[in-house]
Each structure stands twice: as C-alpha cells, then as structure tokens.
Amino acid sequence: MKGLLYLLTALGVIGLAAWAYRENHLTQQAMNERRALEREIAELQLAISIQRTEWAYLNRPDRLRDLVEVNFERLRLVPVTGAHFGEIGVIAYPMPEIRTEPGETIETFGQIEQLFGTRDVTEDTP
Amino acid sequence: MIRTPLRPLAPVLKARADGQNPDLIERENRRLRAEAARDQARTRAEGRLVVLALIFVCAFVVLGARMGLLATTEPVAVSRGLPEDISSARADIVDRNGRVLATNLATHALYAETRRMVDPEGAARELARIFPDIDAARMAARFTDPNRRFIWIRTRLSPEQQQQVHDIGEPGLMFGPREMRVYPNGRMAAHVLGGARFGQQGVRAAELIGVAGTELYFDEDLRDPARQDQPLELSLDLTVQAVVTEVLEGGKQMLNARGATAVLMDVHTGEVISLVSLPDFDPNHRPPPPTEGEPADSPLFNRAVQGYYELGSVMKTLAVAQALDEGVVTPDEKIDTRGPLSWGRFRIRDFRDYGPELSVTDVMVRSSNIGTARIMQRIGAEGQQDFLRKLGLLDSMPLEVAEAARARPLLPDRWSDLSVMTISYGHGMSTSPLALASAYATMVNGGRRVTPTLLKQHSIPGGEQVISARTSEQIRLMLHQVVQEGTASFARIPGYPLGGKTGSADKPNPRGGGYMKEAVLATFASVFPSHEPRYALIVTLDEPVDTTGPEPRRTAGWTAVPVSAEITRRVAPLLGLRPTRLRDATAAFAQGH
C-alpha cells in the first residue's frame, strides 16, 4: 500500500513537472506572439495615421474649392445659400401609379362572371 | 528541570510497609511522563500546522491579489516602439465635427556618423545635389573634421528625399524616426492653432513642442502620453472657417484694407465657431517673429485676440443697454442731440446733424455720439466701470490660446466725466474683436454673461445675469432696426434678418497726438437671426477704402457691413439655420412686446 502511494506521488511529480515545462513554453510563445501583434498594431496605426493625414490633406477646403472651380462645367456646384432651403409644402405629393392593364383590376373584384353573371361574349361580336 | 524519579523512595518504602506492590507506583509515574511528552508533541505539531497554514494563506493572498490586479488594470495601449525618455507623442487637434486640424506624420531625420563614413567627400557632393541649400565643400569639411563624430543634417525628409539619400549608399548616413506636426488645412485657422517645433532631439525620437495658439496653451495636455488617443476637440467649424476666410480675404483685397479680422461666436455657449485674422500664415512653415516694423502688422499677430482697438460706435450698444437696464431711459424717450456738445475744450460732434432731439432707439439707429454721451452722463464713471467690468472688458479676455492672457485693454489713466462720454461711443478705451463678440453675445442671449471658449461645449454654461431678459429683448429690436432703417442697410440679406451696429473709428496717430482722418477702423458687430439670435459675428477691417463711388468711402456702412453680410449669407445655411421671412421676424418682435 505504501509502495503504491510512493509510486503515485512520484508519477504526480513527474506529471506536474511536464505540465509546468509545457506551460512555460506556451507562455513564451504567447509573449512572442504578443510582441509580433504589437508590432503589427503599431505599423497599422502608423498606416492609419498617415492615411488620416492624407485624407485631411486631400479634403482641405482650399483644394475642394479649386476642384469645384475646375469641374464647374460638369458639376455646377455653387455655395449653399438660404435660397436652397425648400418648404415641405412646395414638394408635390407623389402621384398614384396609374395601372393600364385591366386584368389586374378585374382580379381584385374576383371573376367577372361571378359579378355580372355569365355572359356569352360571342353575342356582341358580329 | 527537575525530573520526577520513577521510583521515589518515600512512597516505595511506604508501599512496602503497607504490603502493596511498589511497581504500581513506577508504572503510574511512567504513565504520567508519557502523557506529558505526548501533550508537548501535540502543541508543537499544532504550532507547525498554524505556521504552514499562514504560509499558504499568504501565498494565496499574493496570488489572488496579483490576479485581481491583472484583471482590473486597463489594457495598455501599444506604443509605436519608441523609447520612453524622449516622447514625440502629441495628440491630434480636431474641429467640432471631428475634421483633423493638426496631426502627426511619421517621417525621418537625417544624421551622419562620421566614423562609419566610407567616402565623406562623395557623400557631401551627393547631398548637395539632393538638397540645393547644402554647400558641398562645407559639408565635406564637417564630415572629415576629426573632432566630430555625429552631425545632424536634416530634421525631416520627404519620402523622395529619403530614397535619394538611401541611393547614395553611404553607410555613415543614417535615418532617425521622427514625428512631425502637420496642419493639413494649411493657412486655415492658423492663428488658433499656432504651430509646433521640435524640442529635445534624440536619435530615435524628438519632442514636439507647441509654440503659439492652442498648441502652446494645451501643450502639456497634448503631450500627455495617457491621452494620446483623445484628440483635442475645438469649437471651430472647419467649413465655416474656410468660408469666413474666403469672404474676408476677398473683402480685404477689394477694399484695400491693411488687415481684417472676423469672430463668429455662439451667443449661448460662447463657443468660437470661426476666428480669422488676416494677414495670416501657414503654421506648417511658421514665419519667424518680426524683428522690425510694427508687430501688429506681422502675419503672426492675432488681430481678433491680441488686437485691442478703439472700436467706435459699436460700443454704443453697451451704453444704451446699461441705461435701459438701470431704468435711466426708456427706448422712446427723447434725448437732446443738439451739437456740438462741449466739455471743457473738448467738443463732441455727430457725423451729421440729427436735429434737436432723437429717441433712444434713434440714437442707436442713427448712431448719435452726442445722444449716447448724454445718456451715459446720467450713469457716471462708477456705474460705467462696474458694467464694463461685469462684461469682462476691463481685463484681458480669456481664450484658450497662449496669446490671449498677454494682451490687455488700454484704459484711461483717470476715468473722468469726459472719459465716460467718449467711452460711451467707443473712444478712449480699447477692446478686442473677441471681447466685443462676447459682449454682444451677452447683450442678445437674454443677458447672461458669455465667456468665449475654443473648446467644444456640450451644455450651456450658466453665466452671471448682466442685463435683464427684457433689456436684452429691447436691444435685439434696436439692433434689428439699425439694419432695417439705419446705418447698416447693406446687411439686409434675404432669408436671414440681421441685427447689428456699425462702428467707424478714426485710428489714433501712431506718432502721438490726436487721430488720423484718413485711417479708419471699420467694425460691424452683428447678431443673427435678429429675433432670436444664435450667433454673433464681429467683422473689423483695418483702413478699408471703398473706391467704387465718386469719392472714397471709409465708414463701416460701406466697408465692414457688406463683407459681414456676405459672410452671414454664406455661413448661416452652413450653420443649419433655416431662412426666415423678414415679416416673421418683425412679427416675433411685435409679439415679444
């Protein structure tokens, strides 16, 4: 009984040692990964900041104004003034769509025979 | 320790005498001894257990605390791999809509380590080819100087220049990473931003230090590494600023003015939406401070904040507001305007004769100096000073730019009765356009004191009540009438009823003694929409001349008013104001009374 206990304890110690060894390596690996990620984040942040700057530079008011002038023929952009404000009452109410196909109208009322009774269509035609 | 003998003689002898077995005594003593030993061992073991338990508790407490600490700390922001000692970190500055006004850009500095150089002469020649301002012979001399081991060549390089230097292939030429401050909008809001320069330089980084404007005012906050991700949010609106700059620049050129400035302010929060001072500069290449000439003519001079001028008739609004608020006059009361008004050797005249009397409203509408002086006579020096102090006009007007605190108004040495009268119509005391904007905002927003700010506000700060809401209403109507009937007729623009007051002040002679006749500072202080003002706009032109007529016209009505009106016409829709019909505004005034 005692022997078995010793054996189990020894096995336990060996197992724990192996686990600690593995854990150590995993930690180091994770730390390396973290460093690589940090580098990548830093690079991406740099790229973002450069693009943000470029975006701001390309959208600077002077340049936009020049672009508006250069492209006036095509875009006809003018400064917004009070005259560009509309009133809701001025906007026309959208016209209802006019349906030209009689078939759909008839369908809403059901079969034409049921409404007006069965008629011999051929009767009207000479 | 005295040991009890196992077979003590006396009891043994006694037991023998009694015929008992003396071994029993020994056995009893052995038993007692064993029990004592057992008790001792037990306490010792218990003590050890307690110690062991304590060690475990300590270990677990340490572990637990560490885990708790790890769990509660904020994740650390990743730095850009720069050393700690010199930090080039500097937060961005953005406008109220988040558009970038100032940011950092990664670049490189160029330096040389002479010991590693292979061909110093060739490198110097090549560098002179890339950078035209480098002298090849002098650079070669520096490279070959045995006392020098380290030479800074350029603080920043463009990517093209860097590639060209790289192509030289000289191992002694090295690049150090740098962050440079960039103002992507160029001259826009130059006076607000100020500028930045490199501070302490290292090989791996260089400090960025603000030199003026908000960059200097908020220098420490912007450089705080913990707040790198939070940009400084200004109250400026870049689009509005661009439009104001464009129109003001045009007006300045057309009217041949020496300088111009405009301040647009939210009358409730005191937020400065736009602040322009012309001539301006590019903060990316901030010019050196002037060494000769008038410092006020330098592009670096912020006319809106540092420029304390005698602004003339725009100050009448304040005098009339005070008189109305203190109940000294009523809007319809008639004031004697027979001129000239003599005070000792001094005579106060009007621009033209307005007849024997005018109502208080008409004193404003026609801009009568005599009328205003007579109204202010009833209040006196002390009352006038108290009122101006409450508006903050007797001290430097605070604003979040470094220059604001250094500029102060010029006040009369002795506040005589004559000073009271001249100050009432804007002479004898200087005011900055920014301070005037804040005063006008206070006049029309219901009477609450407004402190100008360049930071975006999220709520309306409750300022001190300077004038009553009723007086504020009366002033709004008067300003409205000045535009509709008086001196600012050019400010009648369709859709946006304006209220305002003109001011044309003769500039004091710089050589001392009196005022110049041909040099005028024209100011138009306006608020819009006139019936429920949201914004105050101050436009000041320095020595403008309108030459479209048969003779040159210099008064504000012909110069500052049209420029200001054009600014309002362009800016009001951008500020989200819907146009109002004039009759709606008039009706709103009629309802208020």
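Me: Leaving aside its neighbours within four places in sequence, which residues is B:Leu521 in contact with?
Reply: Residues are numbered from 1 along each chain as its sequence is written, while chains are lettered from A and ligands numbered from 1 in the order in which they are written. Two residues are in contact if their C-beta atoms, placed from the backbone, lie within 7 Å. With neighbours within four places left out, B:Leu521 touches B:Tyr309, B:Leu311, B:Gly312, B:Ala505, B:Lys507, B:Thr540 and B:Asp542.

Me: Is B:Leu521 buried or exposed?
Reply: A residue is buried if 20 or more other C-beta atoms lie within 10 Å of its own, exposed if 12 or fewer, and partly exposed in between; C-beta atoms are placed from the backbone. B:Leu521 has 27 other C-beta atoms within 10 Å, so it counts as buried.

Me: In which strand is the place of B:Leu521?
Reply: Strands (E, at least two residues) and helices (H or I, at least four) are DSSP runs, numbered from the N terminus. Residues 515-528 of chain B form one such strand, and B:Leu521 belongs to it: β15.

Me: How many bridges join β15(B) to β16?
Reply: Two strands pair if DSSP finds at least two bridges between them. β15(B) and β16(B) form a hairpin with 6 residues between them. B:Ala525 has B:Ile538 as its bridge partner in β16(B). The strands run antiparallel, and their bridges number 8.

Me: Which residue takes a positive phi in the hairpin of β14(B) and β15(B)?
Reply: β14(B) and β15(B) pair in the antiparallel sense over 9 bridges. B:Gly499 has its bridge partner in β15(B), namely B:Val527. This hairpin has 6 residues between the strands, and a phi near 85° belongs to B:Gly512.

Me: What covers the buried residues of α16(B)?
Reply: Helix α16(B) covers residues 469-485, and its end C-alpha atoms are 24 Å apart, which agrees with the 24 Å that 17 residues should span at 1.5 Å a residue. The expected span is 1.5 Å times one less than the number of residues. Its buried residues include B:Ile475, B:Leu479 and B:Val483. The cover includes α10, α11, α15, β14, β15 and α18 of chain B.

Me: How many residues of α1(A) are buried?
Reply: α1(A) has 57 residues and reaches 82 Å from its first C-alpha to its last, close to the expected 84 Å. This helix is hardly covered, with a buried count of 1.

Me: How many residues does α1(A) give to the side of chain A that touches chain B?
Reply: The contact takes 20 residues from chain A and 27 residues from chain B. α1 and α2 of chain A are the elements that give two or more residues to the side of chain A. The largest share comes from α1(A): 11 residues.

Me: Over which residues of chain A is the pLDDT below 50?
Reply: Chain A averages a pLDDT of 82, and 78% of the residues score at least 70. Where pLDDT is low, the predicted coordinates should not be read in detail. In chain A, the stretch below 50 is residues 114-126.

Methods: Predicted model: local features only at pLDDT ≥ 70, side-chain atom pairs only at ≥ 80, totals over all residues. pLDDT = per-residue confidence, 0-100.
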